[in-house]
Amino acid sequence: MNESAHELQARALAQLDSIWDNAQLNAWRIEYIGRKGAVNTLFEQINTLPKEERGAFGKTANEVKTTLENAFHAREGAIKQRELSEALEAEPLDVTLPGRRPARGRIHPATQTLREIYKIFGEMGFQVYRTRQVETDLVNFQLLNIPEHHPARDNWSTFYVAGSDQRVLLRPHTSPGQIRVMRENFPNPIRAILPGLCYRYEQISARYEIQFNQVEGLVVGHHITFGDLKGTLTEFARRMFGERPVRFYADHFPFTEPSAQMDVKCIICEGAGCALCKYTGWLEILGSGMVHPTVLRNGGYDPDVWSGFAFGMGPERITMLKHGITDIRYFWGNDLRFLEQF
Amino acid sequence: MKVPVSWLQDFVDITLPISELAEKLTFSGLEVEDLEYIGIASPFQEGIKGTSLAWDRDKIFVAQLVETLPHPNADRLKIVRVEYGRGEPVQMVTGAPNIQIGDAGQKVVLALEGSRLYDGHKEGREIMTLKKSKIRGVESSSMVCSEKELGISEEHEGIIILPADAPVGTPLADYLGDVVLDIKINPNFARAQSVLGVARQIAALTGQAVRLPQHWNTQEVGAPKTDFVSIEIADPKLCPRFSALLIRNVEIKSSPYWMQVRLLRAGMRPINNVVDITNYVMLGYGKPLHAFDYDALVARANGNAPTIHVRPAREGETMQTLDGQMRAFSAHDILVTDAQGPVGIGGIMGGSETEVSDNTKNVLLESAIFDFISIRRTTQEQKLPSEAATRFGRGIPSSQNVAPARLAADLMRQLANGSVHPALADNYPLPQMVPTIHVTTHEVKRILGIELAPTEIERILQSLDFEINEASADALRVTPPDYRTDVDGADDVLEEIISIHGYDKIPSTLIADALPPLKGNDALEQEEAARDVLVDAGLQEIVTLSFTYPAHEASLRPTSNSETGSPQDFPLPARPYVEIANPISPERSVLRQTLLPNMLDIAASNLRYANRAAFFEIGNVFLTRRAGENDSRELPEDQAFSLPLEPRRLAIILTGPRARATWQPADTTPMDFFDLKGIVEDMLAGLHVRDADFTPIAHPMLFPGRAAALCIGDSTVGVFGELHPLVRANWALPEHAVLVGEFDLDAILARTDARFIVKPISRYPVIVQDIAVLVDEQVEAARVQALIVQTGGALLNSVKLFDVYRGAPLPSGKKSLAYTLTFQALDHVLSDVEAGKLREKIVRRLEREVGAELRSG
């Protein structure tokens with residue numbers, strides 16, 4: 001034995017000082033504090049020593065063992081710490097690279113707006129009715145107080161079904177649904193909206209399509225007034241467009257009297273005047289009015305006892321106003337570059 | 001309809017700023033769609049329609065020509081000296097062809113240096129500023145203006161020559177400045193189809209009385225037979241009144257400048273004084289008139305006083321109208337005729353033979369009322385829209401037939417030196433009905449929701465010229481003025497009340513009435529649920545047109561002779577189409593019977609720049625009815641028509657890579673049959689549709705062997721698969737698989753189970769075992785799976801196919817199907833022995849029923 005316990009300790013610690021690797025650390029452990037390591041060999045020397053030296057030697061050897069074991073654990077912890085620091089610093093991602101987006105589908109914007117309308121009116125107790133798209137002249141016009149050749153017919157450029165002598169047509173508005181809903185519900189009061197596709201003979205342009213959705217509304221009861229019309233539609237406008245002024249003024253529809261147009265304060269310029277509102281400060285949102293007595297009667301309701309209001313609006317137009325869309329052809333063009341923005 | 005404010009001022013004072021007036025009119029039902037400012041500043045920003053050049057009051061004047069001298073250096077130019085009541089006359093150069101050397105005294109428009117004008121030499125309207133300059137060596141910093149330079153019209157041939165009485169030195173803005181209201185006339189505002197009509201509304205809105213022409217309300221009635229004409233009417237319903245006046249010795253020439261300006265501003269071109277006067281009275285007072293060349297009528301009557309006969313046309317009768325067209329008529333057209341035949345289409349257009357020409361000496365002036373329905377029909381059929389037809393087509397009161405004619409005759413006396421024959425020829429077989437209407441405060445409260453005192457109702461109605469016949473504490477009996485043919489019930493009167501009272505003064509209320517029974521709409525809610533499921537599966541909703549054309553849908557059949565029967569006639573039924581009588585184009589001539597063709601168009605257009613399409617559409621198709629097919633929601637009135645069925649369909653299109661290519665690895669193999677089938681399965685699971693089955697089919701639009709039908713119970717509710725390559729080529733789609741499917745959505749949604757029962761979840765461990773079996777190629781995977789499920793019973797928790805293998809070392813005609821079976825019991829720990837027995841039972845069953853051979857596991 002030519003190396004003292006202290007020399008062993010100094011040598012081991014010096015060697016450990018440069019170890020920053022788990023494999024080397026393990027080899028060091030085996031060499032010094034393993035079962036057959038240098039420290040255990042040291043203990044084996046005890047028997048060869050004179051009895052009086054054994055106590056001191058043993059104490060020293062134990063101290064060396066404890067020192068080396070502590071040093072080992074300290075270094076083991078330090079290596080873990082260093083590895084973690086290195087791992088945390090290594091290979092940072094370029095977080096500006098695009099993420100993996102799931103292949104999500106989307107609801108068509110026209111359907112999205114229809115759903116919004118269903119929801120708002122649903123909460124006000126309105127039920128959704130849908131009625132047929134191929135209609136009769138009788139229900140679409142005559143029962144709505146628009147006799148044959150009436151000048152008001154100019155307002156609806158209608159597609160007719162061949163071979164029907166203009167008695168069957170593609171509905172140019174959802175209003176014939178009023179008659180169908182009244183017939184189905186009499187003698188109950190009515191609070192209904194009637195969404196659906198309508199068709200008009202138009203030259204297709206950024207402003208006009210030959211096909212469009214409309215949502216009709218109908219309320220019939222014993223005490224329904226023009227004030228109720230204003231209150232209900234003002235509430236709708238608030239929910240759809242946020243807190244902003246609305247205004248009602250005279251319009252004309254043969255199936256309502258009096259009739260009223262509702263505008264909301266322009267959602268872009270707030271009334272200052274801009275291209276969207278054509279410098280009027282207001283956006284036309286819907287037409288409405290008190291159900292004409294003749295229409296109530298045609299629906300089966302006695303106009304002396306019942307009264308009601310009706311309204312109609314265009315979901316595509318509302319979508320266009322809300323999202324700054326300037327070309328109505330986008331809706332049925334179904335270009336993904338349009339649809340995927342919703 | 002264009003209404004110049006300067007003309008309105010003949011009838012009523014304009015007491016409000018124009019923009020406020022326009023808003024008031026709009027709110028009362030006369031929508032002012034546009035405002036055109038002529039020569040005066042618009043209060044709106046530059047750049048919007050209705051804004052135009054303002055004539056500077058300090059620079060642009062009414063002026064007078066002092067002398068016209070030749071230009072020393074140019075033959076075509078002239079030097080003019082012009083005075084405008086301030087200092088020395090101004091000198092300038094002009095090339096105007098309508099003034100000649102030596103001319104003096106004409107009234108012109110002078111623009112001084114610095115004036116802003118439209119550039120007369122440029123297309124459209126471009127503003128320039130007059131600068132100090134010399135033209136061919138002569139100082140010329142001012143200008144005598146053309147109409148184009150002032151923005152009055154596009155006329156730039158010569159300069160404006162103002163009437164002799166134009167006040168020299170007056171700023172032009174004060175003399176010719178104006179605002180033109182462009183008003184949309186709704187059908188309930190027939191009374192407002194004239195400057196006077198609009199003035200009446202303004203008067204009511206601003207609390208004034210209109211200024212009517214003298215004798216306007218004199219109810220003059222004449223006799224049908226006079227010494228110059230006799231009037232006969234075949235059917236008073238078609239022509240309730242026909243009146244005529246004779247004006248002799250007229251001098252046909254241009255009408256005066258003021259009249260031309262008014263006509264132009266109201267949107268009509270001046271022609272000659274007689275025609276202009278009839279148009280002027282129509283625009284100003286709302287009564288269309290027609291002027292005949294009286295001598296032409298006399299000639300047709302062989303020198304005698306003509307007899308005018310108003311009657312329905314005889315079938316095939318013809319006449320050349322004054323636009324030079326030969327027209328044929330049928331029995332619903334109203335003709336104005338004489339002994340020789342037609343001389344005019346009632347209320348629409350006169351005949352060319354009797355029209356007023358430059359040589360006309362004597363004028364027979366017609367003022368008549370025609371049935372508005374007949375007029376509308378003829379206007380549409382003959383494609384002859386005109387200002388007169390528009391007015392007749394909305395209804396004109398017959399009580400006000402003569403006064404406008406008298407007004408026109410008097411203008412012909414003043415402006416054409418004519419002498420008016422005092423007699424009035426007048427046939428008035430059907431006097432106008434004037435209704436009496438009962439209005440109660442209760443009704444006002446019930447419909448409008450406001451309390452109005454009878455005195456207030458009275459005030460409003462009087463402002464609209466209604467006559468109050470009787471008034472009590474809570475009711476009124478009223479008569480509308482005779483120029484109102486649109487008011488005949490209490491509801492009409494309520495509309496009058498609210499339009500003057502103000503819509504804004506009605507308080508908003510919430511509906512206090514009882515809520516109707518709430519029923520919900522299951523069909524819609526299920527449809528929306530289907531949309532959500534399909535969107536969750538990654539599909540984009542599209543909405544296509546309901547219109548198509550038969551050949552387009554036939555393109556789904558690759559060969560013309562592949563007529564098919566059920567179930568292959570879905571979605572291509574052999575039914576007649578719902579055909580459009582007036583299609584917008586040949587490509588939109590019928591209503592669709594299937595969703596796919598229009599959707600394939602959309603896929604093709606998107607695939608021009610995208611490489612992937614995953615679309616669905618939910619919409620209606622239109623099927624003409626077969627015998628026995630009924631519509632449960634039909635009204636009794638519908639039964640006469642056999643209206644088409646409008647079933648709901650769902651269709652899906654998939655094509656392109658399974659996942660979008662990104663900068664990281666992605667599965668970009670093209671989607672195939674099983675991508676579509678997976679979506680269909682997912683949808684059925686998401687909607688809880690029970691008892692759905694897939695069976696292989698042959699279908700003309702689908703790739704043989706890659707087509708399946710979706711069956712629920714015994715009925716086929718849809719077909720799907722890979723599009724037949726020949727069909728794909730019809731849409732010029734890229735050359736890889738396009739998966740399509742179309743489904744009867746009503747049938748599928750009818751089978752959804754909203755109250756499906758949830759299976760309990762076991763707490764005990766599972767035993768997982770794999771098996772692989774060798775079967776003949778013809779054995780359907782679905783059959784093997786069904787046998788496994790059936791045999792495994794309650795303890796077989798799940799069966800998953802994880803591999804299908806063909807090829808070496810397997811013999812040809814065989815395939816290997818490998819499944820993971822998961823066993824689990826609800827109430828105990830399942831032992832390996834139990835699971836082993838079950839597995840053994842499954843293998844035996846497969847051996848017995850489908851000749852399977854256990855490969856491994």
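1. A crossing is left-handed if the near helix is turned anticlockwise from the far one by less than a right angle, and right-handed if clockwise. In chain B, α21(B) passes α22(B) in a right-handed crossing. The model is predicted: local features need pLDDT of at least 70, side-chain atom pairs count only at pLDDT 80 or more, and totals for chains, interfaces and linings use all residues. Residues are numbered from 1 along each chain as its sequence is written, with chains lettered from A and ligands numbered from 1 in the order written.

2. Helices (H or I, at least four residues) and strands (E, at least two) are DSSP runs, numbered from the N terminus. The axes of α21 (residues 781-792) and α22 (residues 832-850) of chain B come within 9 Å and cross at roughly 140 degrees. Therefore α21(B) is oblique to α22(B) (angles under 35 degrees count as roughly parallel, over 145 as roughly antiparallel, 65 to 115 as roughly perpendicular, the rest as oblique).

3. Contact residues (C-beta atoms, placed from the backbone, within 7 Å) include Leu787(B) and Ile788(B) of α21(B), and Ile842(B) and Leu846(B) of α22(B).

4. Chain A holds an open, mixed sheet of seven strands, ordered β1-β5-β6-β10-β9-β8-β7. Strands pair if DSSP finds at least two bridges between them. Its edges are β1 (127-128) and β7 (246-253). Strands β6 (residues 211-221) and β10 (residues 307-313) of chain A pair antiparallel over seven bridges. Val215(A) faces Met313(A) in β10(A).

5. Helix α5 (residues 109-123) of chain A packs on this sheet, touching β1, β5 (190-199) and β6 of chain A.

Technical notes:
Axes are lines fitted to C-alpha atoms, for helices over the stretch in contact, and angles run from 0 to 180 degrees between N-to-C directions. Two residues are in contact if their C-beta atoms, placed from the backbone, lie within 7 Å.
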